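Reader: Could you walk me through this fold slowly, as I am still learning the words?

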Amino acid sequence: MTRPLAIRVHPDPVLRQACGPVTGDVTGLARAMLDAMYAAPGRGLAAPQVGEAIRLFVMDAHWKDGVPDPRVFVNPAIAWTSPDTGVAEEACLSIPDTPRRIRRPVACRLTFDRPGGRAEVTLDGIAARCALHEMDHLDGVLILDHEVPA
């Protein structure tokens, strides 16, 4: 039995690191991250939150409301964000009990690595918000760094 991953908590310095690219097989790490995310229980988890400064995150934006749909993003990049924005409260597993109201684009398009090459996905609503939150983690940005909208 493998030991569950521990989620790092602010002010752990790994949370402020800009992450490097994934260069090897992260299948096992991604599975362990999904297990940790569901157990937390969260909707997303980025590699630096478990002590790995690499460009990897997992998410399942709707599992709390329906059927699980786990997603793994390896070396993700933002290809587009909508000009329309919305404000919503966000929580972070690395900053417990400190939700913040954050303004973000209501839709985004990500590119990412998967077996066979690069892929692209367009997300909206809570899925876009979740993905953009996790993308922030890969650049060392936390919800504490966002200006609170009026």
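What follows is a chat about the strands and helices shown above.

Author: Please keep in mind that this is a predicted model, where local features need pLDDT of at least 70, side-chain atom pairs count only at pLDDT 80 or more, and totals for chains, interfaces and linings use all residues. Residues are numbered from 1 along each chain as its sequence is written, and side-chain values use heavy atoms, with hydrogens and water left out.

Reader: Okay, what order do the strands of the open sheet have?

Author: The open sheet has 5 strands in the order β1-β2-β3-β6-β7, with antiparallel pairing. Strands (E, at least two residues) and helices (H or I, at least four) are DSSP runs numbered from the N terminus, and two strands pair if DSSP finds at least two bridges between them.

Reader: And which strands stand at the edges?

Author: Those are β1 (44-46) and β7 (117-124), and each has a single partner strand, so one side of each is left without a neighbour in the sheet. Neighbouring strands of this sheet are turned by 40 degrees against each other on average, direction ignored, where axes are lines fitted to C-alpha atoms, for helices over the stretch in contact, and angles run from 0 to 180 degrees between N-to-C directions.

Reader: How many bridges join β2 to β3?

Author: There are 4 bridges between β2 (residues 56-59) and β3 (residues 71-81), which run antiparallel, and L56 has V74 in β3 as its bridge partner.

Reader: Which strands does helix α1 touch?

Author: Helix α1 (residues 27-39) packs on the sheet and touches β1, β2 and β3, with its direction at about 45 degrees to that of β2; contact means heavy atoms within 4.5 Å. Helix α2 (residues 125-138) also packs on the sheet, touching β1, β2, β3, β6 (107-114) and β7, and its direction makes about 155 degrees with that of β2.

Reader: Is α2 mostly covered or mostly exposed?

Author: Helix α2 is mostly covered, as 12 of its 14 residues are buried, including C130, L132 and M135. Buried means under 20% relative accessible area, exposed over 50% and partly exposed in between (1.4 Å probe, protein chains only).

Reader: Switching topic, how many bridges join β6 to β7?

Author: Strands β6 and β7 run antiparallel and are joined by 8 bridges. Their hairpin has 2 residues between the strands, and G116 takes a positive phi near 100 degrees there.

Reader: What about β4 and β5, how do they pair?

Author: Strand β4 (residues 85-92) pairs with β5 (residues 95-105) in the antiparallel sense over 7 bridges, and a hairpin of 2 residues joins β4 to β5.
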